[in-house]
Amino acid sequence: MTHAPRSESVAPQVWTGRASNRMQWVLAVVGAACLALGVELAVDQPATTDLVPLVMSVVGCLAAGLLILFGTVAFTHVKVQVDQECVEVRCGHIGLPRRRIPLADVSGARLAPLISPRSWGGWGYRWRPEKGTAVIVRRGPGIVIDLGGDRRFTVTVDDPEGAVQAIAAWLRLRPRPVASS
């Protein structure tokens, strides 16, 4: 099977967008407070304190603090990039978690005018059997990328219309299979 080039000669630009949630920083402060409490318990213990409950308290505070801190900082913002090869989604300041969706796997994209963390079970990287996979950093508009079959990937992003247009433009430029004779 060969591929025929598309008639459009002008390639769309690379589209980038992002979304952020400043409320995640409040949760990060809670995580930091748990860490500080764990350190305070470990350093400032009375000499008469029983060791087992103290160790359990310190470890519990440190573990909870680290989970809350890193779990929230990873989802303070999301960056989405659409180019001729893929849709790439990067979370947080270090870009993890990251999802790279090749355009060859994309069958379409549409605007989602209101994505609610409540309907996905909260903020973060989510999966729901009836909805697919999502990166939710805030309530508001986003895009739903159709991956064929019943598979979908949803992400909250500012200017979702621009993302949908960019994906559609790159999909139009994708070579179509030509039936061989």
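**Core and charge pairs**

Guide: This is a predicted model. Val 135 touches Phe 75, Val 78, Val 89, Cys 91, Gly 124, Tyr 125, Phe 153, Thr 154, Val 155 and Thr 156, leaving aside residues up to four places away in sequence.

Visitor: How many residues are in the largest nonpolar core?
Guide: That core has 27 residues. Val 78, Val 135 and Ile 145 have the most contacts inside it.

Visitor: Which helix or strand gives the most to this core?
Guide: Helix H4 does, with six residues.

Visitor: What other core lies apart from it?
Guide: One of six residues, among them Ile 115, Trp 120, Ile 136 and Val 144.

Visitor: Switching to charges. How many salt bridges are there?
Guide: The count is six. One of them pairs Arg 100 with Glu 85, at 3.3 Å from N to O. Arg 100 sits in strand S5, Glu 85 in the loop between S3 and S4, and they are 15 residues apart.

Visitor: Is Arg 100 buried, partly exposed or exposed?
Guide: Partly exposed, at 42% relative accessibility. Glu 85 is partly exposed too, with 48%.

Visitor: What does Asp 146 pair with?
Guide: Arg 110, in a salt bridge of 2.8 Å, N to O. Asp 146 is in strand S9 and Arg 110 in strand S6, so the pair ties together parts 36 residues apart in sequence.

Methods:
Residues are numbered from 1 along each chain as its sequence is written. This is a predicted model: local features need pLDDT of at least 70, side-chain atom pairs count only at pLDDT 80 or more; totals for chains, interfaces and linings use all residues. Side-chain values use heavy atoms; hydrogens and water are left out. A nonpolar core is a set of buried Ala, Val, Leu, Ile, Met, Phe, Trp, Tyr and Cys residues joined through side-chain atoms within 4.5 Å. Buried means under 20% relative accessible area, exposed over 50%, partly exposed in between (1.4 Å probe, protein chains only). Helices (H or I, at least four residues) and strands (E, at least two) are DSSP runs, numbered from the N terminus. Contact means heavy atoms within 4.5 Å. A salt bridge is a side-chain nitrogen of Lys or Arg within 4 Å of a carboxyl oxygen of Asp or Glu.
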